Amino acid sequence: AIYTTPLFPSSLKYPIKQVFVSLKYGDYQCAEDQWTLMENRNAFSRILFRPRILIDVSKIDMTTTVLGFKISMPIMVAPTAMQKMAHPDGEYATARASAATGTIMTLSSWATSSVEEVASTGPGVRFFQLYVYKDRSVVTQLVKRAEKAGFKAIVLTVDTPRLGRRESDIKNRFALPQNLSLKNFDGLNLGKLDKTDDSGLASYVAGQVDRSLSWKDVKWLKSITPLPILVKGVLTAEDARIAVQSGVAGIIVSNHGARQLDYVPATITALEEVVEATQRRVPVFLDGGVRRGTDVFKALALGASGVFIGRPVIFSLAVDGEAGVRKTLQMLHDELELTMALSGCCSLAEITRNHIVAPWDPPR
Ligand code: FNR
């Protein structure tokens, strides 16, 4: 299944080393040397557990509340573009699987299904991820449509003034297949990605996305929508403090799944400084490299209020559509539950910093 999906490189077009990297770390289309891609995973493996024993773990509660919405577990779906490239049902399948699992789906601006189409799948808590276009009337219209379609928050991606150098995309001359479009932008004549000499997406971003985006635009966004705003792409304490001052409802520590600036630290390594800088005034979430329930536990122990997963959703979508995404979410749920039981935690609130040891901790 992996090799028949158009998301994966054909081994003919790619150097063999890259194919192995892709399979081991589950990637394609990420930035430059892919150092951050590997580090997003490897950094999790350097964090170890300090489990507590002889605690009654016969009942485990994994529910949590995100921006006031109760969900079944602290694992949510990150925005990933163009899901119909993975499976014909695309975002419809992801929306249904997320709702069935009782968790939140974030829809990408660059989805191959529109906000209205995703809303038509039925009830479910959904966030809308926003890229800010140079033409602000486009942004305003889109945000209004997301509100109307019942989306509950805006996830403002702040790490993409330009697209990272994704060398596979360049080699592949990435473009959307003819039958697909960026559905949210169809009516605005901005739905197509043309084939160019390099990455069609990089050219599209250069043409449409506003490179001048700055903190004042967070204020602007707040002025056009009552929806809470999460900023996605914070990696430092400095920016976390500005984000809190700017009145955001939450922060997502993210390096865009290693697709933007290469050689930024793994998100799990950056998480703690961001959490400390916020002084717990807003919830902090994490995405990047979360593949196991143990990863989720480690993120919570370092202060995250929840995590988002990107690639696991696309890969399982490619393999088995809605059922595949459901299965992935269920597996992560079950793994986190087991990790909690074996660490002696009955609720998310019982997961503490003392349940893990990180490489940067002083010796005990
Ligand atoms: C992404 N990501 C992303 N982020 C965003 O804000 N808007 C988007 O449209 C996309 N699209 C997208 C496509 C694909 C194929 C990938 C792999 C990623 C980034 C995504 O939201 C998230 O930050 C990472 O995917 C998290 O890392 P993992 O879970 O993939 O390791």
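The legends below describe close-up views of single residues in a predicted model. In this model local features need pLDDT of at least 70, side-chain atom pairs count only at pLDDT 80 or more, and totals for chains, interfaces and linings use all residues. Residues are numbered from 1 along each chain as its sequence is written.

View 1. Arg166 counts as buried because 23 other C-beta atoms lie within 10 Å. The cut-offs are 20 or more such atoms for buried, 12 or fewer for exposed, and partly exposed in between, with C-beta atoms placed from the backbone. The unreviewed UniProt entry includes Arg166 in its "binding site" annotation; such annotations may be inferred rather than shown by experiment.

**View 2. His256 and its contacts.** His256 is found between β9 (250-253) and α10 (267-278), in a loop. It is buried, since 24 other C-beta atoms lie within 10 Å. Leaving out residues up to four places away in sequence, His256 touches Asp159, Thr160 and Gly233 (contact: C-beta atoms within 7 Å).

**View 3. Glu32, a residue with positive phi.** Most residues other than glycine have a negative phi. Glu32 has a phi of about 45° and lies in the loop between α1 (16-25) and α2 (35-45). With 17 C-beta neighbours inside 10 Å, Glu32 is partly exposed.

**View 4. Asn189, with phi near 60°.** Asn189 sits in the loop between α6 and α7 (200-208). Asn189 is exposed because it has 7 C-beta neighbours inside 10 Å.

Methods: Helix = DSSP H or I, 4+ residues; strand = E, 2+ residues; numbered from the N terminus. Contact = placed C-beta atoms within 7 Å.
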